[in-house]
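The following paragraphs are meant to be read beside the sequence and the coordinates.

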2 protein chains.
Amino acid sequence: MPLATAADTPAPEAPAYPLLIKQLLLTPLAVRPEQEIVYGDNVRFDYCTLQARIGQLAGLLTSLGVKHGDTVAVMDWDSNRYLESYFAVPMLGAVLMMVNIRLAPEQIAYTLNHSGARVILANRAFLPVLDGIDDQLPDVRTRILLEDEADQPLPAGFVTEYEAGLRAATPVSHFPDFDENTRATMFYTTGTTGLPKGVYFSHRQLVLHSLAGMAALGSAASQGRLHRDDVYMPITPMFHVHAWGLPYVATLMGIKQVYPGRYLPGQLLALIAREKVTFSHCVPTILHMLLGHPSAADSDLSGWKVVIGGAALPRALAQQALARGIDIFGGYGMSETCPLLTLAQIDATTLGGSDEALSLRTKAGIPVPLVDLRIVDEDMHDVAHDGVATGEVVVRAPWLTQGYLHNPDASAALWAGGYLHTGDIGNIDAGGYLRVADRIKDVIKTGGEWISSLALEDIIALHPAVNEVAVIGITDTKWGERPLPLVVRHAGSEVTEAEIIELVAARSRSGDISRFAIPDRVSFVDAIERTSVGKINKKKLRSLHDLGAAADAE
Amino acid sequence: MPLATAADTPAPEAPAYPLLIKQLLLTPLAVRPEQEIVYGDNVRFDYCTLQARIGQLAGLLTSLGVKHGDTVAVMDWDSNRYLESYFAVPMLGAVLMMVNIRLAPEQIAYTLNHSGARVILANRAFLPVLDGIDDQLPDVRTRILLEDEADQPLPAGFVTEYEAGLRAATPVSHFPDFDENTRATMFYTTGTTGLPKGVYFSHRQLVLHSLAGMAALGSAASQGRLHRDDVYMPITPMFHVHAWGLPYVATLMGIKQVYPGRYLPGQLLALIAREKVTFSHCVPTILHMLLGHPSAADSDLSGWKVVIGGAALPRALAQQALARGIDIFGGYGMSETCPLLTLAQIDATTLGGSDEALSLRTKAGIPVPLVDLRIVDEDMHDVAHDGVATGEVVVRAPWLTQGYLHNPDASAALWAGGYLHTGDIGNIDAGGYLRVADRIKDVIKTGGEWISSLALEDIIALHPAVNEVAVIGITDTKWGERPLPLVVRHAGSEVTEAEIIELVAARSRSGDISRFAIPDRVSFVDAIERTSVGKINKKKLRSLHDLGAAADAE
């Protein structure tokens with residue numbers, strides 16, 4: 001790699017201007033110091049106060065011995081305290097470790113120890129979990145209590161309650177510059193198998209992610225845009241991939257931010273109404289729950305913009321949301337990618353209630369600036385962008401985890417060939433819209449084609465007698481793999497193997513799915529194995545049903 | 001400065017992803033390959049062709065020996081060729097030198113030689129200039145002709161005509177990564193005195209400038225925004241501070257771009273109408289010319305968004321433009337700053353025809369993301385943000401020139417105290433809006449106050465007998481400096497010294513200007529000295545009129 005131009009030297013006092021998270025506060029503080037931050041029903045303050053509280057939190061952490069390179073864990077619902085941690089911890093040069101509160105207690109203990117955290121900020125709601133793993137946490141001994149009720153006693157083992165600690169702290173008023181590649185945040189992914197894997201992001205990566213996210217979300221002509229007069233409320237937890245990075249984007253834009261605490265549908269709907277929330281993001285399930293909640297019927301949700309990620313946006317949910325006046329659209333990313341990769345924003349010319357627009361809304365979307373997104377075959381050759389040909393989604397961008405923490409083998413596999421392997425397969429249409437079809441491990445490779453197990457499941461699930469279905473690939477000497485549907489029938493309902501095969505064959509004749517997807521046989525089972533977080537455990541299913549496999553390569 | 005976290009190593013194949021100009025093409029090519037680039041009346045092609053032509057230009061330059069670190073000069077009106085050079089030259093690792101065609105020929109020779117250019121792409125229109133300085137350009141011997149007429153002979157000394165060269169070239173299809181701090185562009189500032197000074201910008205700086213510009217322009221709720229369905233046409237030349245960086249922003253956004261060639265008011269108005277241009281930027285003088293052109297009366301300019309920079313936006317021009325339905329607003333930056341620093345975008349709550357909104361539109365505006373903008377006194381202490389207190393505008397941002405090329409003294413002065421000194425004085429109001437009042441060298445420091453020479457000139461110019469006025473500060477042993485108005489009267493008109501003094505005194509009594517601004521005397525002169533580019537030459541005026549000055553410190 002050639003060196004930077006050396007023909008001239010910069011002025012001695014010209015600062016390097018490393019990209020640091022503290023700089024995200026510059027513009028909002030200069031322009032909108034009076035803008036609001038709201039947490040639930042009881043906390044409301046302005047950006048000036050946010051800045052002051054960040055300084056106080058940094059002072060508190062410093063007084064507890066936190067220094068450059070240390071890891072500070074947070075275990076909280078979505079709150080202003082979490083937002084303050086998003087800034088104060090990295091601005092000290094320390095690493096913010098976001099605890100996935102949905103993990104089993106033993107996994108939480110594993111991730112805390114693996115991250116090297118010695119300090120934790122924990123909501124009282126999680127004391128039972130912490131107490132249960134206390135003897136597994138010999139090094140996590142500095143504990144700060146996050147408390148939502150007044151005048152509660154401080155539990156044993158905690159050095160202070162958060163607000164009392166902030167009041168007593170000597171605020172940090174000057175945060176020095178340091179290397180922009182300093183680690184700022186980390187958290188753990190949850191696969192269906194194995195131990196959680198740590199991903200990590202630097203100041204440079206988060207600043208670039210914030211800028212590109214603001215650029216992508218701001219520049220849409222009308223549909224799917226975030227602007228400075230919006231009101232933001234996350235409904236993807238702040239422990240999960242920085243709540244998609246949107247708290248940083250919202251701060252950089254200087255917009256009003258609302259943090260809802262624990263996600264309770266009635267409370268979320270009440271906050272949307274009271275605080276005039278206009279922009280959120282969530283998984284399909286949460287939106288489905290919200291729209292089905294009794295108080296949703298009386299709520300005016302028109303003008304609310306919602307990005308759907310974590311799973312594909314179902315067409316029916318999109319229609320239901322559009323009927324309520326919600327501007328709903330897909331987005332795509334993952335823990336390893338910070339996460340923003342694509343957004344399903346639509347040109348004005350395609351907008352309206354058209355079927356094409358609806359289809360585009362349910363896709364993963366178009367790449368945000370600086371994302372180099374490809375779909376490739378197994379030899380890393382690009383497949384056609386025709387909306388049909390599928391391949392693995394691989395990416396480069398300036399904000400992807402550079403590996404898994406202390407896990408060189410998984411890191412090397414993640415980055416094999418110089419692109420980050422998402423493990424997803426998908427297609428790209430002529431307009432550049434990505435559709436994610438399946439996890440690559442769940443794709444069935446048969447007769448030279450890749451068949452989406454999810455697409456097959458969607459077809460079979462339509463039969464009224466089918467209660468649950470999972471499709472796996474089983475080893476086949478002639479075809480490589482063949483699809484095997486595992487079907488749980490509704491109690492008292494009947495459906496035969498031949499009927500299910502014909503269901504798929506009919507859809508193949510109408511061009512909806514490849515003829516290679518038509519199963520040769522169907523297994524009826526009593527139950528389908530799931531993981532601890534409720535996902536279908538296809539690895540387990542393959543080990544149970546694919547007796548021809550020499551070994552599971554996973 | 002502490003090192004980056006060293007606790008873990010990245011995956012060996014994970015790319016560093018340096019920020020490089022080639023990445024600005026990723027998203028538009030993925031999403032809008034069919035989008036148009038238009039040059040004048042005869043050239044129109046899509047982004048796919050743009051990419052192909054960039055590869056061809058890089059191939060042509062490579063065949064002529066251009067390599068990493070070389071400097072390639074361009075001398076053209078605004079054209080698709082210039083846009084192609086914006087990408088192809090830096091993508092080779094070479095430096096694009098943008099020749100200021102308004103300089104005197106000897107200054108053009110000086111800047112070409114000082115930049116180290118050996119290759120030049122020159123429009124036929126500038127052959128007389130080049131011929132006149134040919135013997136001063138011993139090293140600039142590889143010349144490519146930019147030709148707008150068909151079938152013209154190739155002049156002596158030129159290796160090829162541009163289009164013929166592109167057709168014959170072996171295109172570069174792969175542009176390798178290199179250090180993001182590699183110099184990408186350079187050009188020369190034109191002060192009122194001394195030799196032009198070279199400023200330079202790296203790939204990293206231009207990518208960050210583009211992202212931040214897109215984020216700032218995109219995120220406004222309604223007024224003053226640029227979005228993906230806009231049509232862009234520059235009316236600030238491409239040789240001048242990258243046409244404000246907007247060709248890079250427009251490309252990154254994948255929007256239609258129109259390049260107008262030489263600025264001829266009738267042609268500009270015709271292009272706006274024919275190509276449905278919705279976003280431009282220019283200096284006040286150009287817009288004034290356009291609105292005064294005969295064909296402007298018949299033009300529908302409503303919905304046209306125009307950023308005004310280079311000089312403050314006069315209130316009367318803003319009103320005139322608003323009456324035509326133009327969304328007009330100020331912006332601020334300079335050659336040394338890439339240039340974007342602020343944009344006068346207005347919140348929806350302040351919008352409408354209100355007087356406050358009009359005032360805000362004429363200001364320099366609010367900082368774009370990541371810009372650390374201060375107004376400071378002579379000891380670098382911040383002055384109040386009350387819309388009144390003035391100080392020098394100093395900045396940090398990740399895209400400022402790190403110095404002047406081969407000029408360590410000027411570089412050190414530019415960055416004294418670790419902030420870039422703009423040389424402008426201004427104030428900031430409580431909403432964060434900057435107003436630039438004057439050049440600091442033209443400010444009159446009297447009785448402990450800073451008086452804007454421009455503000456005094458505006459007051460005196462209102463007298464009907466005054467044809468021209470320039471106000472300078474002259475040395476005063478008691479007050480430091482005192483203002484001296486130099487007045488040229490209209491032929492046949494009369495106005496006395498006392499009348500002019502009373503004009504200012506009245507405005508001081510009404511609170512518009514400090515009482516220290518009331519001049520003690522007035523000089524009536526026959527003419528006011530100007531520079532070669534038509535600016536009032538205050539340095540010359542001070543040397544002629546300030547006989548008390550021991551030496552001019554400039």
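The model is a predicted one, and the angles and areas below are computed from it.

In chain B, the peptide bond from B:C338 to B:P339 is cis, with omega near 20°. B:P339 lies, too, in the loop between β14 (327–333) and β15 (340–343) of chain B. B:C338 has a phi near 90°, a positive value in a residue other than glycine. Because its relative accessibility is 0%, B:C338 counts as buried; the limit for that term is under 20% relative accessible area.

Chain A can be read in a corresponding way. A cis peptide bond, with omega about 15°, joins A:C338 and A:P339. A:P339 is placed in the loop between β14 (327–333) and β15 (340–343) of chain A, and A:C338 lies in the loop between β14 and β15 of that chain. Although A:C338 is not a glycine, its phi is positive, at about 95°. With 0% relative accessibility, A:C338 counts as buried.

The next element to consider is a sheet of chain A. Seven strands form an open sheet in the order β7-β6-β5-β3-β4-β8-β9, with mixed pairing. At its edges stand β7 (158–161) and β9 (197–202) of chain A; each has a single partner strand, so one side of each is left without a neighbour in the sheet. On average, neighbouring strands of this sheet are turned by 25° against each other, direction ignored. Within the sheet, β5(A) and strand β6 (residues 142–146) of chain A pair in the parallel sense over five bridges. The bridge partner of A:A122 in β6(A) is A:L145. Helix α4(A) packs on the sheet, where it touches β3, β4, β5 and β8 of chain A, and its direction makes about 150° with that of β8(A).

Which residues of helix α4 (residues 105–115) of chain A are buried? They are A:I108, A:A109, A:T111, A:L112 and A:S115. Seen down the axis of α4(A), these buried residues fall within an arc of 165°, so they line one face of the helix. Their cover includes β3 (71–75), β4 (95–98), β5 (119–123), α5 (127–132) and β8 (183–189) of chain A. Just after α4(A), A:G116 takes a positive phi of about 80°.

Further along chain A, attention turns to strand β12 (residues 279–282). In a regular strand the side chains alternate between the two faces of the sheet. Both faces of β12(A) are covered: A:F279 and A:H281 are buried on one side, and A:S280 and A:C282 are buried on the other. β12(A) pairs in the parallel sense with strand β13 (residues 305–308) of chain A over four bridges, and A:H281 stands opposite A:V307 in β13(A). Together with helix α10 (residues 284–292) of chain A, β12(A) and β13(A) make a right-handed β-α-β unit.

The helix of this unit, α10(A), has as its buried residues A:P284, A:I286, A:L287, A:L290 and A:L291. Down the axis of α10(A), the buried residues fall within an arc of 160°, so they line one face of the helix. On the other side of α10(A), A:T285 and A:G292 are exposed. What covers the buried residues of α10(A) includes α9 (265–275), β12, β13, α11 (315–323) and β14 of chain A.

Strand β19 (residues 420–428) of chain B and β20(B) run antiparallel and are joined by five bridges; B:I425 has B:D438 in β20(B) as its bridge partner.

Finally, the two chains meet. Contact involves 75 residues of chain A and 75 residues of chain B. The area buried between chain A and chain B is about 6200 Å², with carbon and sulfur atoms giving 58% of it. In chain A, A:Y17, A:R228 and A:L370 lose the most area to chain B, together 11% of what that side buries.

Conventions
Residues numbered from 1 in each chain as written. Chains lettered and ligands numbered in written order. Predicted model: local features only at pLDDT ≥ 70, side-chain atom pairs only at ≥ 80, totals over all residues. Heavy atoms only, no water. Helix = DSSP H or I, 4+ residues; strand = E, 2+ residues; numbered from the N terminus. Buried < 20%, exposed > 50% of the residue type's maximum accessible area, 1.4 Å probe, protein only. Arc of directions from axis to C-beta. Contact = heavy atoms within 4.5 Å. Pairing = 2+ DSSP bridges. Right-handed = clockwise from strand over helix to strand, strands pointing away. Axes fitted to C-alpha atoms, helices over the stretch in contact; angles between N-to-C directions. Buried area = accessible area lost by both parts, 1.4 Å probe.
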